[in-house]
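Thank you all for coming; I would like to take a few minutes to walk through one model with you, beginning at the ligand and moving on to a sheet and to the confidence scores.

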Amino acid sequence: MLQSIDWNDKSIKAVSITAATALSTYVLYSVLWPKNPFADLPKTKYSSVRSFTYDPAKRDVDIEEEYPKFERSSYIGKPSIVVNDIDLSHHVLARQDRYKQGHLFGRSLMFSYTHQLLFGGVNIANSNGHDWKIRRDVLVPLFQGRVMVPDLLPFIVRRSQQLVEEIKTHKGKPIDIDERYATLTADVICEYLFAQSPGPGEVKFDNFINPAQALAQLKLANLYAMFGFKSSATREIEQNCAFIRKMIHKIKRGEKLRENGPLTLAEKLLQFEQYQGPEGEERLILELLIVFFAGHDTTAHSMTMLTYTLAKEPECQKKIREEANELIPDDDSLTAANLGKLKYTSAAIKENLRLHPVIPEVAIECHEDNTLGQCHIPAGSTVILPVVRLHRDPTVFKKPLSFEPERWLQEDLDLHSDLEAVGSGKSQLSKAFFTFSQGTHSCLGMNLAYLELRVVTALLAQNFDIQYHGPVPEICNALLRLTEVPLMEFHELKRD
Ligand code: HEM
């Protein structure tokens, strides 16, 4: 039998103290904790990106639900506002960091902080304000299409042809194409940075398979160190940096990374004052590390999703094949000029990037009190631009769930887009395309990604009938990965 509680003086006192403490904590919390500035907005229904993979069975389904212009959400625990409006998104993107007057927005500080942990420090993709601007001004000219395409195209072509030959050896058996794309794109970006790829296992990005776990390990790094060991996340960052350091030291010893041909990006950057001396060296290592990472995983994932989509759309595959056979009948015709003429292929690539933007949302910090439309946005709050959802706005993209390359045929599909161009003067369709973001913080590697996608897509369509018979793949939440890699079949086509 249970003992009855003995309500003596001591226990009454203990209960009263506990209750008083809880009550005063609650009162303090309610008074001191700032009220969610967006409490009056509807709570967002946009949360999971899992359901955003192209499903041919839904291609004709109409999106009837209209998203409200603004919704309430939270970003890494911070109150935030989701902006479901294309023009207002541009208003925010165009005012990030660069323009002093109306310097209203910058990269989300929570994003910056978590990114710094994952990459071991500050780089172009997580810095803010003036520091970011210095980094960006150095890198942008080196990633303009007219500089990069002549340097890299021969390598991209050779490497893609190798991929084609390797795929042929599997004779139509299902293969993991995602892994192969990740290696190809890593080789390409390494060619640009160092004219050399790391050896097997020398560089790895396992952190990104489970970033939450890696972040927890990195936050506890000091505690780990007290007990004399390093977390796997810390070891991974150190190992990746060691490869880059090795390359930088080669250059500093006077070794040329490439015997003949243009300087590598690492060599070019070492000529800038900001990368001189021991501090400059650390800065350069982190800068090259992010360009290495951002420059391969994103493009590889986009290639995988395009291959999946083409497998589901054989008619589109056929059109790409016919266009490629006409414009690129042999190896010698794989030139930048002819790649630029692949209109339908480029439209299919863009349509896939619309349906599968690898960065499904962009998070931006509001630095000053501001008004967006009729909505007051206090300084310190986060503005979320839900790219996947904006790309399915039925008022801009008719039949938004359908894969329709044709919708892009009238648009500018230039391979040499100016990385500094801000959204003005664009059609509503191009304004609504945020896969590479737009404005001042837009993707540095956009031209490189387009170039790789064009070469690989044309060559694969010319050489194979691509098939996929598995279920619609799912994308992991908020990350570029697929929950399960779809195995695809490449049936060789006999070419005349
Ligand atoms: C299909 C491939 C790619 C996609 C979809 C993509 C997407 C994006 C997006 C959306 C942003 C803006 C992020 C934000 O503001 O929060 C971005 C920034 C960036 N991207 Fe890419 N990217 C791709 C390929 C590449 C490549 C090949 C490189 C190689 C150089 C690269 C390097 C960067 C860098 C350095 C930034 C930061 C720019 C800045 O903040 O100034 N990306 N990318």
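What we have here is a predicted model, and around its ligand there are 23 residues, of which A294, G295, T298, C443 and G445 come nearest. If we sort that shell by class, it holds 14 nonpolar residues, eight polar ones and one charged residue. As for the elements behind it, helices α11 (277-294), α12 and α18 (446-463) each supply at least two residues of the shell.

Let me turn to the sheet, which is open and has three strands in the order β4-β10-β9, with antiparallel pairing. Because β4 (175-176) and β9 (464-467) each have a single partner strand, they stand at the edges, and one side of each is left without a neighbour in the sheet. Between β9 and β10, the latter covering residues 487-492, the antiparallel pairing runs over four bridges, and within it D465 has H491 of β10 as its bridge partner.

Finally, how far does the confidence reach? The chain averages a pLDDT of 88, with 92% of the residues scoring at least 70. Confidence is highest in β9, at 98, and lowest in helix α1, residues 9-32, where the mean is 78. For the model as a whole, the scores are ipTM 0.99 and pTM 0.90.

Conventions
Residues are numbered from 1 along each chain as its sequence is written. This is a predicted model: local features need pLDDT of at least 70, side-chain atom pairs count only at pLDDT 80 or more; totals for chains, interfaces and linings use all residues. Two strands pair if DSSP finds at least two bridges between them. pLDDT is the predictor's confidence in each residue, from 0 to 100. A residue is near a molecule or strand if its C-beta atom, placed from the backbone, lies within 6 Å of it. Ala, Val, Leu, Ile, Met, Phe, Trp, Tyr, Cys and Pro count as nonpolar, Asp, Glu, Lys and Arg as charged, and the others, Gly among them, as polar.
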